[in-house]
Amino acid sequence: MKTLVRNYDNLNSFPALFNELFGEQAVSKFNKNVPSANIKETEDNFGIELVVPGFKKEAFKVEVHERNLTISAGEKTESEEKTETFLRKEYSFGSFTRSFRLPNTVDSDNIEASYEDGVLHLTIPKKEEAKPKEPKLISIN
């Protein structure tokens, strides 16, 4: 907690705090191969959304290893057309990898992911001790 407070005092904005907590790898906003992430926080969890249309659900790989959350996908498509006068073969390959460093306050064993309408949604629950608590009244003896 002292580290968090010290780091927060040195940062000027929530995005800077989030990057400090999650240790997100530097991604250039001009790199079109890496999807941008929308990251939100509620009292109970963090949410990450990646807009990645064109992929099948089976193409995604989401894994956590020692507080590192890695999201990747790769797909290859091929099309071949034969006629009497020509042969045309087209293929494309798309892939990306995106990593985030998770804080100690998340329950990495219960991360959930879903993919719908080209958007990958991840829900990263917080540990009970990280959730806000009601003030406790201390009696004076």
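Ile71 touches Leu50, Lys61, Val62, Phe96, Thr97, Arg98, Phe100, Leu120 and Leu122, leaving aside residues up to four places away in sequence, where a contact means heavy atoms within 4.5 Å. The model is a predicted one, in which local features need pLDDT of at least 70 and side-chain atom pairs count only at pLDDT 80 or more, while totals for chains, interfaces and linings use all residues. Residues are numbered from 1 along each chain as its sequence is written, and side-chain values use heavy atoms, with hydrogens and water left out.

Ile71 lies in strand β4, and it counts as buried because its relative accessibility is 0%, the term buried meaning under 20% relative accessible area, with a 1.4 Å probe and protein chains only. Between Ile71 and Phe96, which are 25 residues apart along the chain, the C-alpha atoms are separated by 8.1 Å.

Ile71 also belongs to the largest nonpolar core, which has 18 residues and in which Val52, Phe55, Phe60, Leu69, Ile71, Phe96 and Leu120 touch the most other members. At least two residues of this core come from each of β2 (45-51), β4 (68-82), β5 (87-101) and β7 (119-125). Such a core is a set of buried Ala, Val, Leu, Ile, Met, Phe, Trp, Tyr and Cys residues joined through side-chain atoms within 4.5 Å. Leu69, again with residues up to four places away in sequence not counted, touches Ile48, Val62, Glu63, Val64, Arg98, Ser99, Phe100, Leu102, Ile111, Leu122 and Ile124.

| Strand pair | Sense | Bridges | Residues standing opposite |
|---|---|---|---|
| β3 and β4 | antiparallel | six bridges | Val64 and Leu69 |
| β4 and β5 | antiparallel | 15 bridges | Asn68 and Arg101 |

Strands β3 and β4 form a hairpin with two residues between them, and Glu66 in the turn has a positive phi of about 50°.

Taken as a whole, the protein has two helices and seven strands, running α-α-β-β-β-β-β-β-β from the N terminus on; helices (H or I, at least four residues) and strands (E, at least two) are DSSP runs. Of the 141 residues in the protein, 26% are buried. Among contacts with a separation of 6 or more, 53% are made by residues 24 or more positions apart.

Methods. Buried means under 20% relative accessible area, exposed over 50%, partly exposed in between (1.4 Å probe, protein chains only). Two strands pair if DSSP finds at least two bridges between them.
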